[in-house]
Amino acid sequence: MNNGLSVQGVGVRFGGLVALEGVSVEVPPGSVVGVIGPNGAGKTTLFNVVCGFVRPTAGSLHWDGEPFRPRPDRLAAAGIARTLQGLGLFAGLTVAENVMIGAHRRSRSGFAAALFGLPRSDRDERELRGLAAETLDALGIGAAADSHPGVLPYAVQKKVALARALVTRPRLLLLDEPAGGLGSEEVDELAELIRSLSCAVLLVEHHMDLVMSVCDRIVVLDFGKRIADGTPAEIQADERVTEAYLGVAS
Ligand SMILES: Nc1ncnc2c1ncn2[C@@H]1O[C@H](COP(=O)(O)OP(=O)(O)OP(=O)(O)O)[C@@H](O)[C@H]1O
């Protein structure tokens, strides 16, 4: 079994509807793997399986060679972080505090203790603040640390959500449509950022230019099945992929 994430033969049924059938995806350490496909192809369902939001009805997952039953609340401890389509930021907390929530697993007494000023949390809180500031700086938004998310442009809010994921120093980052709502310059910036990451990335995305420019490999889903898996050049030349997107029967 390879290191990294391995999804093997995964199937998901919602009642009578087959959302995924026999889908396999490998995400080796340090690689960027994209998942694309027309609307309803099963991309989000696959993402939710890896996050532990949806339990597969068939197949298996392995993480670093070990059988893996993901649970959303245990992802960070496993070295996996995610961002979701919605930003999920807390409007009443500052940007720094939002990012600190992502880092709380590194703290002994926990973010809640820091937030409510419980004993022995001072050092942890300082450590968390330092980590959050470092991560925000790395994303070029350190100046926004004390702002509330609501007053910031959408693209900056997306970076805050990304900082909250990256502050855990994950070995695998799961991104669900990170380009959604961004302008073309912002997407270019996002591409550069994804390329600069040292962790592995599983990227579910509609934005073809982004997927083609950052992915080492791309998996294409259609009606819940994997119809192609290859390099961006291979995927662009694959007739089955063009047919799936154009809705032409193969
Ligand atoms: N919780 C659910 N209950 C019932 N059916 C669902 C559920 N989630 C997804 N589906 C169905 O499963 C199929 C795959 O949906 P999914 O959202 O994974 O596709 P997608 O590729 O992410 O689509 P899009 O690009 O539109 O986001 C669709 O037919 C969808 O209606």
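A residue is near a molecule or strand if its C-beta atom, placed from the backbone, lies within 6 Å of it. With that in hand, here's the quick tour. What you're looking at is a predicted model, where local features need pLDDT of at least 70, side-chain atom pairs count only at pLDDT 80 or more, and totals for chains, interfaces and linings use all residues. Residues are numbered from 1 along each chain as its sequence is written.

**Around the ligand**
- Phe14, Leu17, Ala19, Gly37, Asn39, Gly40, Ala41, Gly42, Lys43, Thr44 and Thr45 surround the ligand.
- The largest share, three residues, is down to α1.
- Sorted by class, the shell has six polar, four nonpolar and one charged residues; here Ala, Val, Leu, Ile, Met, Phe, Trp, Tyr, Cys and Pro count as nonpolar, Asp, Glu, Lys and Arg as charged, and the others, Gly among them, as polar.

**The chain overall**
- There are nine helices and 10 strands in the chain.
- Of its 250 residues, 38% count as buried, meaning 20 or more other C-beta atoms, placed from the backbone, lie within 10 Å of the residue's own.
- Take the contacts with a separation of 6 or more: 64% of them are between residues 24 or more positions apart, a contact being two C-beta atoms, placed from the backbone, within 7 Å.

**The six-stranded sheet**
- Six strands form an open sheet in the order β6-β7-β8-β3-β9-β10, with mixed pairing; two strands pair if DSSP finds at least two bridges between them.
- β6 (80–83) and β10 (225–230) are the edge strands, each pairing on one side only.
- From one strand to the next, the twist averages 15°.
- β3 (residues 32–36) and β9 (residues 217–222) run parallel over four bridges, and isoleucine 36 stands opposite valine 220 in β9.

**Helix packing**
- Helix α5 (residues 154–166) lies across β6 and β7 (172–176), at about 170° to β6; axes are lines fitted to C-alpha atoms, for helices over the stretch in contact, and angles run from 0 to 180 degrees between N-to-C directions.
- Helix α2 (residues 95–103) packs against α5 at about 35°, with the axes 7 Å apart.
- On the α2 side, Val95, Asn98, Val99, Ile101 and Gly102 meet Val160, Ala163, Arg164 and Ala165 of α5.
- That α2–α5 contact divides into six nonpolar, two polar and one charged residues.

Key
Helix = DSSP H or I, 4+ residues; strand = E, 2+ residues; numbered from the N terminus. Buried ≥ 20, exposed ≤ 12 C-beta atoms within 10 Å, placed from the backbone.
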